[in-house]
Amino acid sequence: MELKEKLISSFMAFENTVNVDSPIHDIRINAIKRFETQGFPTKKQEAWKYTSLNSVLKTDFSVFPKDIEALDYKTVKKYLIDEIDSYKIVFVDGQYASHLSETTHDDIDVCLMSSALTKAKYKPVIDNYFNKIATTDGLTSLNTAFSAEGAYIYIPRHKAIKKPIQIVHFSTGNEAALMLQPRNLIVVEENAYVQVIERHQSLTDNPTLTNSVTEIFADKRAIVDYYKIQNDKQSATLIDNTFINQKNDSNAKVHTFSFGGKLTRNNLNFYQNGEHIDSTMKGVTIIGDKQHVDHNTLVHHIEPNCESHQDYKGIFDENSTGVFNGKVVVEKEAQKTNAFQANNNILINDKATINTKPQLEIFADDVRCSHGCTIGQLDESALFYLRSRGIPEKEARGLLMYAFSNTVLDSVKIPELKNRITKIIANKLGVNIGFDL
Amino acid sequence: MSKYTEDDLREELKTKEYEYGFYTDIESETFPNGLNEDIVRAISKKKNEPEWMTNWRLEAFKVWKEMTEPEWANVHYEKPDFQAISYYSAPNSKPKYDSLDEVDPELLATFEKLGISLDEQKKLAGVAMDVVVDSVSVATTFKKTLAEKGIIFMSISEAIQEYPELVKKYIGTVVPQKDNFYAALNSAVFSDGSFCYIPKGVRCPMELSTYFRINQAGTGQFERTLVIADEGSYVSYLEGCTAPSRDENQLHAAVVELIAMEDAEIKYSTVQNWFPGNAEGKGGVYNFVTKRGLCEKNAKISWTQVETGSAVTWKYPSCVLKGDNSIGEFYSIAVTNNYQQADTGTKMIHLGKNTKSTIISKGISAGKSQNSYRGLVQISSRAENARNFSQCDSLLMGNECGAHTFPYIEAKNKSAQIEHEATTSKIGEDQIFYCNQRGIDTEKAIALIVNGFSKEVLNKLPMEFAVEAQKLLEISLEGSVG
């Protein structure tokens with residue numbers, strides 16, 4: 001049975017496990033209908049021109065995982081940023097692992113989507129925000145239909161969280177192949193501040209397919225700082241859909257670090273519903289061996305006096321493929337918009353491919369919008385300079401590539417996280433240097 | 001000093017009627033509306049074509065029937081009814097002239113009104129022109145000078161008669177019949193066009209030029225141009241067009257094929273000023289053009305275009321850089337006003353080693369128009385040391401128009417160096433203030449700024465053509481270009 005049919009038929013089984021009387025359930029039913037008509041995206045769709053899910057969809061994924069075996073902290077420690085004190089929401093095979101987590105209801109809510117969807121006290125927030133900005137395309141609808149578990153974060157007005165929140169999804173390989181559909185909702189009210197680190201990690205080589213949806217609402221003057229670490233096993237496929245709705249004077253930043261996984265697709269959408277908004281999206285992609293990373297970004301400038309910055313760096317080795325499809329839309333009311341988009345790439349192997357498509361769609365005249373994209377190589381003279389000073393070629397290349405991606409790392413606000421990413425980069429580039437020279 | 005503001009300019013642009021909208025009454029022989037195999041055969045027979053050509057057309061027609069119109073472009077328009085168009089129309093006066101004096105005086109007057117008097121061109125510019133009025137070539141000048149050099153420059157229907165082996169060898173090699181919907185349509189029904197062959201090592205002594213016009217109500221024009229530059233030769237080719245004002249939409253689906261052999265260079269310049277529709281967006285020409293050039297080793301093809309007209313433009317002059325060290329260039333200014341829509345750009349396909357390409361695209365949108373740049377830069381895995389530089393700048397006037405950029409960049413070789421830049425802005429108040437402060441009034445300031453904005457491209461036009469280009473820019477943006 002094809003995955004699409006399997007998912008549609010398992011929806012009925014899924015209905016047995018949830019409260020079908022809740023208003024959310026109507027949203028789920030509409031969503032599964034949409035998925036039924038639209039199905040999985042194909043290369044014929046412009047947004048999926050360079051990324052094919054065909055090979056992934058051939059795998060027979062199980063949709064409902066068996067009961068989990070308890071993971072002990074020692075096995076998963078290395079995947080957490082454990083140097084810092086943080087809230088943790090940890091899922092194992094899609095199910096909440098309380099012994100690995102640290103949640104709170106003290107002033108702020110850092111807890112589970114499953115309780116938010118079922119408990120009455122969360123109802124006003126769910127009514128106001130759930131599925132309000134998620135798009136209606138096939139994949140997002142599929143997630144909406146099966147939305148039951150994930151992270152729920154609510155920061156009320158004037159609250160700044162004291163420590164970052166880590167959302168980590170582990171898959172144990174209990175199933176031969178597993179499909180996960182986490183659904184996250186993050187609401188940051190006026191003047192509130194939140195930092196989130198998200199990671200998806202397989203513990204074995206069994207294939208996984210994650211179709212994740214995150215909705216983030218940043219109210220007036222709110223600050224959202226979101227980091228995605230994608231360094232999964234070669235068997236993992238991740239489709240990440242993140243939607244961010246911003247109001248006046250808010251500031252949202254999303255950093256995406258893509259180093260692992262077989263196929264990673266990041267759909268990142270910013271909607272600027274207010275003035276003086278600042279949106280930043282940055283990413284470093286360093287991949288090799290048959291890996292495929294696709295960044296698909298959208299910034300929708302709806303009102304005047306807003307800014308957006310995009311900075312995506314990519315280093316592509318062996319027969320990897322990189323895709324960047326960035327779209328900036330400026331509505332005619334959005335005068336005085338300042339939008340900047342950059343996508344710089346280095347190809348280090350002839351078998352590697354990069355497809356980039358930075359788009360601008362502008363309907364307002366008094367704006368400053370620019371984009372630039374480059375594909376090139378490391379500067380031979382810079383390499384020679386380093387080597388002439390006794391740095392071996394491999395390390396010299398590593399240093400130059402690190403320097404290349406440094407503009408993205410620069411704005412990471414959590415030092416421990418920055419260190420961790422630096423280590424991953426060093427590892428990925430095959431050099432043993434600390435870069436903090 | 002007069003208070004000329006951008007608002008005034010916008011107002012003026014809105015009310016500016018198409019100056020060249022007149023209609024020459026020349027008796028025409030027109031085929032009945034509709035398209036079927038018989039019509040294709042009839043066109044072919046009318047032109048006394050050999051059998052291979054008729055079959056080639058029929059093949060294209062067969063493919064076309066299976067195809068659907070492309071929908072991906074960022075343009076919205078009422079789809080033309082392909083069965084309501086007449087596919088052949090030729091001026092009824094004598095088909096051939098020995099000298100200009102024999103040309104229908106009314107026709108000559110038309111050209112004069114357009115400011116492209118043949119005499120003037122002949123004397124001043126040394127331009128040989130193959131004038132095309134509604135599909136049939138009526139006047140050719142300077143043929144003798146060209147013949148001495150061995151250059152063949154004639155209408156493609158003549159070429160089919162006189163040089164069938166050349167046409168047969170090259171037609172459809174760069175743009176195959178089944179390339180796309182409009183190319184297939186053109187292949188089936190093309191009525192005329194130009195053919196040009198530059199022999200080995202010859203540097204064409206003058207700019208070759210063709211003027212296209214749509215003149216007969218309800219006739220679509222399907223031009224086919226084939227330019228072959230043999231080894232080591234050079235040619236600069238100009239193409240320019242204006243069309244009379246008309247209410248119903250007219251379809252124009254041309255195909256241009258360029259072949260630059262080893263060490264050859266082709267420079268192809270276009271000034272396009274088909275009727276853009278009136279201020280309400282009524283009427284106007286649909287311009288769906290397929291232009292492509294093939295570069296062999298060390299060859300160079302350079303496209304320059306000034307697009308000011310047409311209600312809908314769908315045009316992507318491309319270069320296939322097949323040979324090593326070959327060079328492709330694309331310089332474009334696209335101006336849209338009122339309800340005009342343009343989706344234009346280029347494709348640079350890098351196949352050979354050390355190939356280079358440059359793309360400079362300037363879009364100016366005013367009124368309620370939509371202006372899109374759509375381009376592809378593709379580096380194949382065998383294209384070592386390929387180099388590309390692209391720059392797409394858009395200028396917006398008013399907040400009811402749109403500027404869009406859709407660049408596709410696909411690189412499969414690690415030695416590729418690609419740079420792409422795009423900016424969108426309006427004429428800055430500070431820029432105008434700076435000019436005002438130095439005693440330049442606002443109108444002149446805008447002219448200055450727009451001129452500066454498009455200068456990089458205007459500079460690429462041949463001297464003889466630059467005047468015409470300026471003139472045509474004025475029509476679209478009068479008051480802003482001095």
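**The nonpolar cores**

Reply: In this predicted model, the largest nonpolar core has 204 residues, and the members that touch the most others are V188(A), V194(A), C196(B), A229(B), L258(B), A260(B) and I266(B).

Me: What makes this set of residues a nonpolar core?
Reply: Its members must be buried nonpolar residues joined through C-beta atoms within 7 Å. V188(A) and A260(B), both in the core of 204 residues, therefore count as buried and are joined to it in that way.

Me: Which helix gives the most to this core?
Reply: That is α11 of chain B, residues 442-458, which supplies seven residues.

Me: Why is the core said to lie between domain 1 and domain 2 of chain A?
Reply: Because domain 1 (3-273) and domain 2 (391-437) of chain A each contribute residues to it.

Me: Which residues are in contact with A260(B), leaving aside its neighbours within four places in sequence?
Reply: Among them are A229(B), I266(B), L294(B), C295(B) and I301(B), together with the charged residues E265(B), E296(B) and K300(B).

Me: How many residues are in contact between domain 1 and domain 2 of chain A?
Reply: On the domain 1 side there are 13, and they meet eleven residues of domain 2 of chain A. Strands β8 (193-202), β10 (223-230) and β12 (251-258) of chain A each supply at least two residues of the domain 1 side. The largest share, three residues, comes from β12(A). By class, that side has seven nonpolar, three polar and three charged residues. The C-alpha centres of the two domains lie 28 Å apart.

**A helix pair in chain A**

Me: What describes the packing of α2(A) and α7(A)?
Reply: Two packed helices are described by the angle between their axes and the distance between the axes. For α2 (residues 23-38) and α7 (residues 138-145) of chain A, the angle is about 145° and the axes are 8 Å apart. The crossing is left-handed.

Me: Which residues of α2(A) and α7(A) meet?
Reply: From α2(A), the list includes I27(A), A31(A) and F35(A), and from α7(A) it includes S141(A), L142(A) and A145(A). By class, this contact has six nonpolar, four polar and two charged residues.

**Chain B as a whole**

Me: What share of chain B counts as buried?
Reply: The figure is 57% of its 482 residues. The cut-off is 20 or more other C-beta atoms within 10 Å of a residue's own. Chain B has twelve helices and 24 strands.

Note on methods
Residues are numbered from 1 along each chain as its sequence is written. Chains are lettered from A and ligands numbered from 1 in the order in which they are written. This is a predicted model: local features need pLDDT of at least 70, side-chain atom pairs count only at pLDDT 80 or more; totals for chains, interfaces and linings use all residues. Domain bounds come from an automatic or database domain assignment. Two residues are in contact if their C-beta atoms, placed from the backbone, lie within 7 Å. Helices (H or I, at least four residues) and strands (E, at least two) are DSSP runs, numbered from the N terminus. A residue is buried if 20 or more other C-beta atoms lie within 10 Å of its own, exposed if 12 or fewer, and partly exposed in between; C-beta atoms are placed from the backbone. Axes are lines fitted to C-alpha atoms, for helices over the stretch in contact, and angles run from 0 to 180 degrees between N-to-C directions. A crossing is left-handed if the near helix is turned anticlockwise from the far one by less than a right angle, and right-handed if clockwise.
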